[in-house]
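Hi,

Here is the structure I said I would pass on. Have a look at it first, and my notes follow below.

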Amino acid sequence: MEIVILDDPGAIARLAADTIAALLHEKPAAVLGLATGSSPLSLYDEVAARCARGELSLAEARGFTLDEYVGLGAEHPERYRNVIDREFTSRVDIARDAVHGPDGLAEDVPAACAAYEEAIADAGGVDLQILGIGTDGHIGFNEPGSSLASRTRIKTLTRQTRLDNARFFGGDLDAVPTHCLTQGLGTIMAARHIVLIATGEEKARAVHELAEGPVSASWPATVLQHHPHVSVLLDDGAASHLRMAGYYRETYAAKPGWQGL
Ligand code: F6R
């Protein structure tokens, strides 16, 4: 796991966008794993800006979102399918029908989850997965206690996650759905490269557990310690509980400029 601590928040977005650009240069039809939430927003802004300047094209790329709320109507602005369209798909040249998400309105939930797993596999798997992390250590919506081998399924959101996300629902906790469909930890682990972005001190405990804690379903993101290629991009606040922050900073500062994530 490579930990990169960058004082300039714009630098996180640029570094992650460079990684996407390098992947698309090598593999124009790459499969991107797309997170929603606030953590990747500046990355999506950066990718959209590069597309607008003609420096980057996602015309052949495909995308799979991590998760979806259960029961939000098709037009609901916080339905993740709509969020990803608004924040990403509509601002870049990726084909709209090349971006997929779990169906939060499915009547047959197990069948919808199995179909999602199959769609990812049929696309050849995810080349680059963008992740955020919850204050309780979730990735996707794999809440504490999730099986480290789980695949796409329905999960109950914790009260903490619903409180954290109430800001997207006008501060109304009751408006935040109680359930979601999410890629499992096993699904996320199958991605070839994972880039996790965390900013702000409220993420510091989860980031410490992710990088330095014991692997445990109590902090689901710790499963990433078993993945061979994970890049964790942090600002000072999110890095503030890391015991080995000095070492991570020195290591990254000494890294040759030509070497990407
Ligand atoms: C979103 C997702 C979640 C978020 C996490 C952090 O698709 O899967 O794991 O990444 O809840 O959310 P933000 O980025 O809003 O702090």
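Before the details, one term: two strands count as paired if DSSP finds at least two bridges between them. Also bear in mind that this is a predicted model.

With that in hand, take strand 2 (residues 31–34) and strand 3 (residues 62–65), which run parallel to each other and are joined over 4 bridges. Within that pair, Gly 33 sits opposite Phe 64 of strand 3. In general, strands of a sheet pair through backbone hydrogen bonds, either parallel or antiparallel.

Zooming out, both strands belong to an open sheet of 7 strands with parallel pairing, in the order 1-10-9-6-2-3-5. At its edges are strand 1 (2–5) and strand 5 (99–100), each with a pairing on one side only.

As for the whole protein, you'll find 8 helices and 10 strands in it. Its radius of gyration is 17 Å, close to the 18 Å from the globule rule for 261 residues, so the protein is as compact as a globular protein of that length. The C-alpha trace spans about 55 × 40 × 35 Å along its principal axes.

Of the 261 residues, 55% are buried. Looking at contacts between residues at least 6 apart in sequence, 78% join residues at least 24 apart.

Cheers

Technical notes:
Residues are numbered from 1 along each chain as its sequence is written. This is a predicted model: local features need pLDDT of at least 70, side-chain atom pairs count only at pLDDT 80 or more; totals for chains, interfaces and linings use all residues. Side-chain values use heavy atoms; hydrogens and water are left out. Helices (H or I, at least four residues) and strands (E, at least two) are DSSP runs, numbered from the N terminus. The radius of gyration is taken over C-alpha atoms; the globule rule is 2.2 Å times the number of residues to the power 0.38. Buried means under 20% relative accessible area, exposed over 50%, partly exposed in between (1.4 Å probe, protein chains only). Contact means heavy atoms within 4.5 Å.
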